[in-house]
Amino acid sequence: MPAHRNRICVASHHESLAALREDPEFRELRERPGAGYLIELRLDRYADLTAGAFERAAREFGPERLVVTYRSPEEGGARERVSDAERGGYLEQAAGLGAAFVDLELHACQRSPALLEGLKRARGTGGTKLIVSSHDFEAVPPYSRLHDLRLDAEEFEPDLVKFAVTPATIHETEPLLRLMRDASGAFRLPLLALGMGEAGLWTRVLGPRFPNPAPFTFARGEGAPGTAPGQPTWRELEALYRFGALGPDTRVLGVIGNPIGHSLSPRMHNAAFAGAGLDAVYLPFLVEGDPAAFLRVFAEGLGLAGVSVTIPHKEAILGACAEVEPLAAQIGAANTLIRRPDGSWAGSNTDADAAVGSLEEAMGGSGTLKGRKVLVLGAGGAARALAFACKSRGAEVFLHNRTAGKAENLAAAVGASCVQTSDLDRADFKVDVVVNATPVGMYPQVDQSPLTDSQIVKADLHFDTVYNPLRTKLLQRAEALGRRTLGGLAMFVGQGARQFELFTGRPAPRDLMERVVCEALQARTKG
Ligand code: NAP
């Protein structure tokens, strides 16, 4: 990937210019190499704002790094009583100092055209570029309205048009997608269109894939209050999404689920793409409702080449597939979709292969499940994948689930037997392998185990599909009782590695993927 085509603008969250100037994170940003970071100064937020204090901060950070905004009260500005003339004065000062960008609202331009003229004069022959912006903190205006606003903004002949709007769901970002994709020639100027919140994350990252993109996107500082997913930090944009190098040819992939903010798949796949030197980026998509509807509206526009699918969409996503691999059809769930050249989707289930693959490896290699007794705890998606996959390898499968009826239905579909808690306690009950496919023992309930000690001793090998924490209570107890154990990490990395191969046609950098997931899990445990 080419380096540093696009820049990142880090918004100052500080309450005073003094706090901004003393913040070590922002001082570090000033020194970073490459094309360098932009820093947004929000003059309306600073309690100690004076012309002198502003000039001092501007000179310290370097005006050529600054995006200067003095937001009006009606578009979210922090100062209730401020005149356009006062705001204009500061913005003219910024332009006179040679700020990289100065941002003025479209409403203010329409209300007082002299403001913009003043800015144009103040920048003289300097390089300051003008942004005309429009904000909606409640909703996303319909496409026709955004279209007209964009035309209105262009009439003022700024250098960049910016929209920040508030989608409640990812489906509501569709007008932004249409606006960003517009290559009709109706618009001349670069566009920065941002959907706030987690639903709008893609708008912050994928701008460079569209025609006439803005030269930068916004990020928050790592020390900024509030860690809502969807407001990536500059470090995430740089290291996770490699924002600087994204371009029109970058392949876009991602994971769809709800919730999705804590998925480790973006870390794992983006690290794998970077390691393999691929021009590809992988995003989390928070999809509520019908996942097939999301693909219908966004796949073409975002150029999605493939998606991972997670809770709760693994079953419903089958409805979006023109073709489903036989094991996934049998399980009734897919976790991987590949977009075919004709735009249709092919679904498969890499959970199942990864689960039995890691299990067989722990048991001594391929074929070792044949004739073995495997007890699966749970009857949800993971349990279904495991039960069908173990059965297909010749194992005798037993099922135990909190809700007995679900286990009975699954047992009938797989050709397995159901066991009750009383069976697990019987002296003559014995299996080769127990698989925990429930969330029992998963963070934060790390002190729970799905089995008692007297039940644990009835199996030789315990496989916990939970991977957060890496060593669950079940595994700790089984080890203490002299049993062999297998954690869920190998399955998680295995399903991701197989996805990588389906996405790219290349062998997966498995060790790298495992290392990244382990590091992320360890960081979470510490955090
Ligand atoms: P799911 O479809 O929601 O099913 C959850 C199952 O666990 C259901 O059978 C449910 O029983 C049971 N369960 C939930 N809470 C329970 C409790 N407190 N006590 C007893 N049983 C309980 O979820 P899933 O997709 O199958 O995922 C289950 C777990 O598998 C996840 O938590 C995850 O840790 C693990 N997993 C790991 C990987 C991996 O790559 N390592 C991949 C997928 C899943 P009811 O039917 O009674 O509700």
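This is a predicted model: local features need pLDDT of at least 70, side-chain atom pairs count only at pLDDT 80 or more; totals for chains, interfaces and linings use all residues.
Local features required a pLDDT of at least 70, side-chain atom pairs counted only at pLDDT 80 or more, and totals for chains, interfaces and linings used all residues. Residues are numbered from 1 along each chain as its sequence is written, and side-chain values use heavy atoms, with hydrogens and water left out.

Helices (H or I, at least four residues) and strands (E, at least two) are DSSP runs, numbered from the N terminus. Strand 6 covers residues 160-165 and is mostly covered. Six of its six residues are buried, where buried means under 20% relative accessible area, exposed over 50%, and partly exposed in between (1.4 Å probe, protein chains only). In a regular strand the side chains alternate between the two faces of the sheet. In strand 6, Leu160, Lys162 and Ala164 point one way. Val161, Phe163 and Val165 point the other way, and all are buried.

Strand 6 has parallel partners. Two strands pair if DSSP finds at least two bridges between them. Five bridges join strand 6 to strand 5 (residues 129-135), and the two run parallel. Here Phe163 of strand 6 stands opposite Ser134. The chain passes from strand 5 through helix 7 (residues 143-155) to strand 6, in a right-handed β-α-β crossover. A crossover is right-handed if, with the strands pointing away from the viewer, the path from the first strand over the helix to the second runs clockwise. Strand 6 also runs parallel to strand 7 (residues 191-195), with five bridges between them. Lys162 stands opposite Leu192 of strand 7. Helix 8 (residues 174-181) carries the chain from strand 6 to strand 7, and this β-α-β crossover is right-handed.

Six strands form an open sheet of mixed pairing, in the order 10-9-11-13-14-12. Strand 10 (280-286) and strand 12 (323-324) stand at the edges, each with a single partner strand, so one side of each has no neighbour in the sheet. Strand 12 pairs with strand 14 (residues 345-348) in the parallel sense over two bridges. Glu323 has Ala346 of strand 14 as its bridge partner.

Strand 15 (residues 373-377) is largely enclosed by the rest of the structure, because four of its five residues are buried. Strand 15 pairs with strand 16 (residues 396-400) in the parallel sense over five bridges. Leu377 stands opposite His400 in strand 16. The chain crosses from strand 15 through helix 15 to strand 16, again as a right-handed β-α-β crossover. Four bridges join strand 15 to strand 18 (residues 431-436), and these strands run parallel. Val376 has Val435 of strand 18 as its bridge partner.

An N or O atom in the side chain of Asn401 is 2.8 Å from an oxygen atom of the ligand. A backbone N or O atom of Gly381 lies 3.0 Å from a ligand oxygen atom. A backbone N or O atom of Gly488 lies 3.1 Å from a ligand nitrogen atom. The protein covers 76% of the 920 Å² of accessible area that the ligand has on its own (Shrake-Rupley method, 1.4 Å probe).

The structure holds zero disulfides (pairs of cysteine sulfur atoms within 2.5 Å). The sulfur of Cys109 is 19 Å from the closest cysteine sulfur, in Cys9, too far for a bond. Cys109 is buried, with a relative accessible area of 0%. Cys518 is buried, with a relative accessible area of 18%.

How values were computed: A polar contact is a pair of N or O atoms within 3.5 Å; within protein, one must be able to donate a hydrogen and the other to accept it, and residues adjacent in sequence count only if both atoms are side-chain atoms.
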